[in-house]
Amino acid sequence: DHKDLNVPANPYGTDIESVLISEEKLKQRIAEMAKRVSEEFKDAEEDLILVCVLKGAFYFLADFSRMLDIPTQSEFMAVSSYGNSTSSSGVVRILKDLDKEIEGRDVLIVEDIIDSGLTLSWLMRNLKNRNPKSLNVITLLRKPERLTTNIDMFDIGFDIPNEFVVGYGLDFAERYRDLPYVGTLEPHVYSD
Ligand code: XMP
Ligand code: MG
């Protein structure tokens, strides 16, 4: 992946430094991921439960789920990890839990980004304790340089450099989630 400094006009002025993953590339890769997941669960007896981890994964879930050709049910979970806004400590609190039980069900966690992997490790332990039939994870992005825990992933959209990224669900101070691509921020945004 390389940075494209030709940033499309967007509502955030000059805040976006570069486009790391274009809208086109996202769409293409997510379609591939959806094909793999559809194939894997095509003979399942019950609907696949997609667990979207809010807020970052909601655009990914929306696009990914509509590209699947198997029946699914979407569930939402919100967690907060203690620590500052750009890194996590692995100590997690549930802000919003699933609406239904997942015992005996096929469950797929849909994540936006794996950084240290601490948040996801915690979440997997938590959901495993509810005795699903199967528990898998897909993530759109991963920062392999930073990964401190070894997590078995069903699929990974893109490995990206260890840089803070925004867009396609990802935020800085709750902004930029609505950009249709994944990009990097100009340094002035952090320092202001
Ligand atoms: P861990 O380290 O537990 O953290 O894998 C994952 C969570 O950290 C946030 N995160 C980011 N958010 N741009 C973001 O907008 C980034 O580059 C970034 N890196 C980590 C995110 O909330 C993710 O779920
Ligand atoms: Mg965030």
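At roughly what angle do the axes of helix α1 and helix α2 cross? They cross at roughly 55°, and the legends below start from there. This is a predicted model, in which local features need pLDDT of at least 70 and side-chain atom pairs count only at pLDDT 80 or more, while totals for chains, interfaces and linings use all residues. Residues are numbered from 1 along each chain as its sequence is written, with chains lettered from A and ligands numbered from 1 in the order in which they are written.

**View 1. Helix α1 meets helix α2.** The axes of α1 (residues 23-40) and α2 (residues 58-67) come within 8 Å. Helices here are DSSP runs of H or I with at least four residues, and strands are E runs of at least two, numbered from the N terminus. Axes are lines fitted to C-alpha atoms, for helices over the stretch in contact, and angles run from 0 to 180 degrees between N-to-C directions. The two helices are therefore oblique to each other; angles under 35 degrees count as roughly parallel, over 145 as roughly antiparallel, 65 to 115 as roughly perpendicular and the rest as oblique. Look for Ile-30, Ala-31, Met-33 and Ala-34 in α1, which meet Asp-63, Phe-64 and Met-67 in α2. Two residues are in contact if their C-beta atoms, placed from the backbone, lie within 7 Å.

**View 2. Met-33 in helix α1.** Met-33 is buried, as 21 other C-beta atoms lie within 10 Å. (Buried takes 20 or more other C-beta atoms within 10 Å, exposed 12 or fewer, and partly exposed is in between; C-beta atoms are placed from the backbone.) Beyond its neighbours within four places in sequence, Met-33 contacts Phe-64, Ile-138, Asp-155 and Gly-157.

**View 3. Ala-34 in helix α1.** Ala-34 is buried too, with 20 C-beta neighbours inside 10 Å. Leaving out residues up to four places away in sequence, Ala-34 touches Phe-64, Met-67 and Leu-68. Ser-65 is 31 residues from Ala-34 in sequence, yet their C-alpha atoms are 7.5 Å apart.

**View 4. An open sheet of six strands.** Follow the order β4-β3-β2-β5-β6-β7, with mixed pairing. The edges belong to β4 (92-96) and β7 (155-159), each with a single partner strand, so one side of each has no neighbour in the sheet. Strand β6 (residues 134-142) pairs with β7 in the parallel sense over four bridges; two strands pair if DSSP finds at least two bridges between them. Here Ile-138 stands opposite Asp-155 in β7. Helix α1 packs on the sheet, touching β5 (106-114), β6 and β7.
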